[in-house]
Amino acid sequence: MEIPEAAAPVESFFPFFLLLACGTLVAALLGAAHRLGLFYQLLHKVDKASVRHGGENVAAVLRAHGVRFVFTLVGGHISPLLVACEKLGIRVVDTRHEVTAVFAADAMARLSGTVGVAAVTAGPGLTNTVTAVKNAQMAHSPVLLLGGAASTLLQNRGALQAVDQLSLFRPLCKFCASVRRVRDIVPTLRAAMAAAQSGTPGPVFVELPIDVLYPYFMVQKEMVPAKPPKGLVGRVVSWYLENYLANLFAGAWEPQPEGPLPLDIPQAAPQQVQRCVEILSRAKRPLMVLGSQALLTPTPADKLQAAVETLGVPCFLGGMARGLLGRNHPLHIRQNRSAALKKADVIVLAGTVCDFRLSYGRVFSRSSKIIIVNRNREEMLFNSDIFWKPQEAVQGDVGSFVLKLVEGLQGQTWAPDWVEELQEADRQKEQTFREKAAVPVAQHLNPVRVLQLVEEMLPDNSILVVDGGDFVGTAAHLVQPRGPLCWLDPGAFGTLGVGAGFALGAKLCRPDAEVWCLFGDGAFGYSLIEFDTFVRHKIPVMALVGNDAGWTQISREQVPCLGSNVACGLAYTDYHKAAVGLGARGLLLSRENEDQVVEVLHNAQQQCRDGHPVVVNILIGRTDFRDGSIAV
């Protein structure tokens, strides 16, 4: 019997279909085996007898990167990494709130030029850090946040303190990763540390689930049933868990490079530098505004200071650049910035952006030529399509750019009358402050006078930490940091509550420096409990609290605009007594000892030098710089 012609294609298709199906099945099985880690386990051993744990890998990477301190608030999720750090000589400093730990890491990063490290437990431990991480992001501060997490196997199953932490931190951090196997700890942390310092520096977040931090035998006890199940389904589940555990620890202790990866730091193009040289060389009234980015590594602060002095262009200093030229340098203009910017014909914005601090660019004259240099292109061009337009927008490291600019302008000088004009405006403003300092106050101390005395007695080796509104705003006009990297403020985010954390990081970073903290009484409420931390860790810092019993910066606008002082009132609280209750030293400055201000401050300074944290509670009147008045 003959086979119909139509059947031949079907018969020839069947073997092809069978081959395709088998190939697909094999590929699926191989993919499943790969996802289960079966191939990796063939080549890499699981040391079931080892008592080592993932925390040791974390500590090894931190030590290889030169980390000397880890700031934390302890939690069971992260205990292994804290213990491992202690064993490797990394000092673990525990605080009373997680946000303080991150603020301390931020200060450490800013002052040391390396990555500051904080470690906190899962869930609420991490959510408590959000404000500080955002502050570090806006301040371009390289901070590594290590966060605990629920077991990898139990995530999304209702485990204790389990939330989607990566989604929370992705908008805030340059780099976010969750470590899924012990062997991934080292490469993930190396990548995170490099990302924190490359490009525009900023915070990074690495999630460390509890089962990648604890030793094999402990994880096995929690993950695998003690008695083997009898049913088929139970045996399959038991095999899956045992294989999951094996893949978690396979290759965990094999040697890996732990040291730093190369950093990617953008540099200005030579052609752009040359164009900037030409623009500035033709200037008659040049002006420079230096911001925090100018103090980033790799340019040392002393080299930048020498370059600015050699350049000879008058400058305003903001953020971490405050103090770059020391105290009372003739090129450092401190007052009337808006008026000076209007008069300048060439302006160099070196690490400064046109946000609210420069009125979004509205402070510039339309005829001014503006050179702006910044590592971050998006921030560099803020509002350039509306209120201002740069003559040259240079994406690159600010400090390196300034050095190249000086090299290209060798021998260039500018007429001295421009600097003298700016200095005269400074002198007039300072005379206004002297007049305000002489205004009598009905019941309390004149804050302007108090801060003038602080300015007079501030030592050369001091670091100023500022946290507050009115009192700190006054201090910004009157108190000068004595050198580069000697001023810490929150930055563009304007965060209250940075004081204790910044002071903690600053004193540990520079133990020979005197750390003077200037607090408003509202802001001090965030930091008070951390004097327990200072006492426990023997960290002597001095806090001057300008106590005017209110959120005065808000009240000043709210009352005339809306007719109510609701929620703006505080009390003349005995903060000095609260500090004594925490084991610190406390002193009071008020009308009763008005003639002993200097003596009390010297007493506080001496107690701090003797190793005691000190709080000086200063009862003050309220200042208003708009009309020069000082009220009770």
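**Aromatic pairs and nonpolar cores**

Ten aromatic pairs, 10 by count, were found, with Phe, Tyr and Trp rings (the six-membered ring for Trp) pairing if their centres lie within 6.5 Å. Planes under 30 degrees apart count as stacked, over 60 as edge-to-face and the rest as tilted. The model is predicted: local features need pLDDT of at least 70, side-chain atom pairs count only at pLDDT 80 or more, and totals for chains, interfaces and linings use all residues. Residues are numbered from 1 along each chain as its sequence is written, and side-chain values use heavy atoms, leaving out hydrogens and water.

F69 and F71 are stacked, because their ring centres are 6.4 Å apart and their planes lie at 20°. F71 is buried at 0% relative accessible area (buried is under 20%, exposed over 50%, partly exposed in between; 1.4 Å probe, protein chains only). F519 and F524 pair edge-to-face, with 5.0 Å between centres and 70° between planes. Ring pairs join F519, F524, F531, F534 and Y575 into a cluster.

The largest nonpolar core holds 90 residues, among which F71, L290 and F401 touch the most other members. Such a core is a set of buried Ala, Val, Leu, Ile, Met, Phe, Trp, Tyr and Cys residues joined through side-chain atoms within 4.5 Å. Beyond its neighbours within four places in sequence, F401 contacts A268, V273, C276, I371, V373 and V394 (contact: heavy atoms within 4.5 Å). A second, separate core has 43 residues, including V70, C85, A119 and F249.
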